[in-house]
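Here is a short tour of one protein model. Have a look at the sequence and the fold first, and then we'll go through some of the details.

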Amino acid sequence: MSVLKLKPSCKDYLWGGHRLADEYGKDYDGDVLAETWELSCHPDGPSTIVNGRYAGKTLEQYIEESGKEVLGTNCRRFRDFPILIKFIDAKQNLSIQVHPDNRYALKNEGQYGKTEMWYVMDAEKDAFLYYGFKTEISKEEFARRIQEDTLLEVLNAVPVQKGDVLFIESGTIHAIGEGILIAEIQQNSNVTYRVYDYGRVGKDGKKRDLHIEKALAVTNRVPLIKSKSSYPHVADCDYFTVDKLNLDGRMMRRMEGYVSEESFVSILILDGEGTVSCRGQETDDSQDRDAADMKVTYKKGDSLFLPAGSGAYVIEGSCDALITTIREKAAPVRIGIDIGGTDTKIGLVDVHQKLIDSVCIATEASRPAEEVIRTIGEAAAALLEKNGIAMDQCVGAGIGVPGTVDRKKGIVRYSNNIRWEEIPLAQEIGKYLPIPVLIANDADCAALGEAVAGGGKDCSDVVMLTLGTGVGGGIILDGEIYEGRGIGGSELGHMVIVENGEPCTCGRRGCLEAYVSATALKRDARRAAGRDLDPEEIFSLADQGDSVMRAVVDAYIRRLGLGIVNIVNIFRPQLVLLGGGISRQGETLLAPLREIVRKECFGGEKGDVPAIETAVLGNNAGMIGAAGLL
C-alpha cells in the first residue's frame with residue numbers, strides 16, 4: 001500500500017480570495033480561489049493523485065481499479081465515497097444557506113444530504129459566522145423575513161478565532177463570514193439551498209438563484225448549541241471522525257499510527273512540513289514493493305490518502321493536521337427479511353431490537369429466483385426510503401430462508417418450499433441492497449429473534465419449536481445459532497419419535513413433524529371425526545367435552561411432550577419456546593407439557609428443568625432474528 005498525495009479541484013466562487021494559492025501553494029492562476037476540494041470523488045470536482053503508479057488518475061478511478069476494500073469495512077454501508085474535504089477562503093460573506101438531510105436530498109436531488117464540520121484555520125479580528133437562529137421562529141416568520149430581507153436580524157452571529165470547531169448538522173441555517181479561512185469535512189454532497197445572498201450577481205450578470213421553498217422544507221428553526229462535543233475527537237458522527245494532530249518539531253516530532261482494515265485515513269496538513277511513511281504489506285511485485293515502503297514529503301496545504309489495511313505509518317516533522325477516518329455506525333439500522341413460501345416479510349430493526357417499520361409482500365415463488373430476489377430487494381429499498389433512511393445508514397441485511405442454507409457462502413443449497421436450489425442469495429440481493437448481507441435458515445432466525453428480543457431475551461440458551469404447517473426448530477446456545485459442523489443447521493422436527501410411524505415430508509417415517517405439526521393434527525382429527533377441522537376448532541371442541549377431540553388433543557400433547565423431553569435431555573436449555581399457530585392455545589397446551597417435561601426429563605425435578613413458554617414476537621420473530629445475524 002502507498003501514501004497517495006492528492007491534487008485538489010479548484011473553485012472560483014465569487015466570494016473567494018486568493019490565500020489558498022498565495023499561502024497554501026495551490027497550483028492556480030485565476031484571480032479568485034474560493035475553495036479547493038482536497039479529498040473528493042464527487043463528480044463536480046474530483047481530486048487527482050500526483051504520485052506513484054496511480055499518478056494522473058482521479059481518486060475515484062484508483063478506488064475502482066483497486067477495489068472498494070481500500071475504503072475499509074466501515075465504508076461498506078455507503079453507496080458512494082462517504083466524505084468530501086475542502087479548504088475554504090471567504091474573502092467575502094458566503095450566502096445564508098442550509099443543507100438538506102439524506103432523505104430529502106436523495107428524493108429531490110439524487111444525492112446525499114450534507115452534515116459537515118468546520119475547523120477555523122484563520123480568522124481576521126472581529127470575524128464571525130452565522131450558526132442557527134437566536135430564538136425559535138415559525139415557518140411563517142422565516143418565510144416573511146426572507147421576503148423582507150430581515151433574516152439577518154434573527155440569525156445567531158458567532159465570533160470565531162483560529163482553532164474553533166463547529167459541527168453543522170443538516171437542516172442548520174449557516175454562513176461563513178468574511179475574513180475566515182476554514183477546513184471543512186462533510187458528507188459527499190454538493191447540495192446547498194441559498195436563502196439570502198446580499199443581492200449579489202453571478203458571472204452572468206444576474207442575481208444568483210435562491211432556493212426558498214426547499215429551504216423552508218428542510219430548515220431546523222430551533223436555536224442550536226455552538227458546538228457539539230465529540231471528545232476526545234474534534235468531530236465525530238456516523239459520516240466521519242476527525243482528530244487533530246500537532247507536532248511542534250521539537251518535543252513532539254513523530255507520531256505513529258495504524259491504518260486498519262476498517263477505514264482509510266485522510267491527513268490534511270494545515271501547517272508545517274515533514275514526511276509520512278507507510279511500510280504497507282509484503283508483495284512479490286517490484287513496483288508494489290517500491291510503494292510498500294513509501295515515504296512522502298508534505299508541506300502546508302497538502303492532502304494525503306492512506307488506503308484501508310495499509311498498516312503502520314509514521315508522521316515526522318512539524319505540523320498541524322486533521323486526520324479523518326470512518327468509524328462503525330452508531331445506533332445501526334438493519335434490514336431483516338423473512339422469506340416464506342407464500343409471503344415475505346421485510347422489517348427495519350433498530351439497535352434496541354425494535355421494529356421501526358415492516359412490510360409484507362407476496363413471495364410468488366413460482367417465478368424464477370432472480371425475479372423473486374429482485375422484488376424483495378426493491379421492496380426493502382422502498383421501505384428504507386419510506387422511513388427516510390438512506391442506504392448508507394443501514395449496516396446490513398439479514399435474510400431467513402426455508403431450507404438448507406450455506407451461511408458462510410450466502411447460498412441457499414436447497415429449499416423445497418420456494419423451489420430454490422444452489423441460489424447465491426447474498427450475492428444476488430446485493431445488486432439491490434449494496435450493503436453486507438447474511439443469510440440463515442428461517443427457523444433459526446425466528447429462534448434468534450425470540451432469544452434477543454422476545455420470550456427468551458433474558459436467556460442465553462433457548463430452543464424454539466414452531467408448530468405450523470411443518471415443525472421448524474432453532475437452537476440458540478450462548479446467544480448464537482447452533483448449526484453444528486454442516487450447513488444444514490438443526491432439524492428438530494425430523495427426529496423420529498415413532499419407529500416406522502406416519503410418513504413425513506422429509507421422506508422418512510415417524511418424525512416429530514409427522515405428529516405435532518398443524519397438518520398432522522388436522523389429519524388425526526379428520527381420521528377420528530370424518531371431517532375437516534382447523535386446530536382452533538379441535539382444541540375448542542376438546543375443551544367443550546367432545547371425547548373424540550379430547551383424545552386427539554391428548555395424543556397430540558403427549559407426542560409433542562415426548563419431542564420436547566428428547567430435546568431437553570440433549571441440549572439442556574434454560575427455556576423452550578413454542579411458536580406457530582398452535583402455540584396460541586396458551587396454557588391449555590403449556591400446562592400439560594410442563595408436567596410431562598417435569599416427570600420425564602432425565603433427573604426429573606432434581607435436574608435443571610427448563611421453562612416452557614409461548615413465543616411472543618409472532619410473525620415478527622423471523623425479521624428481528626434475521627436482522628440479528630449482523
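## An aromatic cluster

Y54, Y62, F81, F264 and F305 are linked into a cluster by ring pairs. Rings of Phe, Tyr and Trp (its six-membered ring) pair if their centres lie within 6.5 Å; planes under 30 degrees apart are stacked, over 60 edge-to-face, and the rest tilted. The count by this rule is 13 aromatic pairs. Take Y54 and Y62: their ring centres are 4.8 Å apart and the planes stand at 75°, so this pair is edge-to-face. Y62 has a relative accessible area of 3% and is buried, and Y54 counts as buried too, at 14%. Here buried means under 20% relative accessible area, exposed over 50% and partly exposed in between, using a 1.4 Å probe and protein chains only.

Y62 also makes an edge-to-face pair with F305, at 6.3 Å centre to centre and 80° between the planes. That pair joins distant parts of the chain, as Y62 is in helix 2 (residues 59-66) and F305 is in strand 19 (residues 303-306), 243 residues apart. Helices (H or I, at least four residues) and strands (E, at least two) are DSSP runs, numbered from the N terminus.

A word on the ground rules: this is a predicted model, where local features need pLDDT of at least 70 and side-chain atom pairs count only at pLDDT 80 or more, while totals for chains, interfaces and linings use all residues. Residues are numbered from 1 along each chain as its sequence is written, and side-chain values use heavy atoms, with hydrogens and water left out.

Strand 19 pairs with strand 1 (residues 4-7) in the antiparallel sense over three bridges; two strands count as paired if DSSP finds at least two bridges between them. Strand 17 (residues 265-278) also runs antiparallel to strand 19, joined by four bridges. S303 has L6 opposite it in strand 1, and L268 stands opposite S303 as well.

Strand 33 pairs with strand 32 (residues 575-579) in the parallel sense over four bridges, and E613 in strand 33 has L577 opposite.

## The largest pocket

The largest pocket has a volume of about 1,600 Å³. Its lining has 50 residues, and those closest to the centre are N417, D442, T466, T469 and G470. A pocket, on a 1 Å grid over the protein atoms alone, is an open set of points where a 1.4 Å probe fits, with protein on both sides within 12 Å along at least five of seven lines; lining residues have an atom within 4 Å of a point. Points are joined across faces, edges and corners, and the volume is the space filled by probe spheres set on them.

Helix 9 gives the most to this lining, with four residues.

## Charges over rings

Two charged side chains sit over rings. The charged end of K11 is over the ring of W37, 4.6 Å from its centre, and R523 lies over the face of Y515, 5.9 Å from the ring centre. The rule asks for NZ of Lys or CZ of Arg within 6 Å of the ring centre and within 35 degrees of the ring normal.
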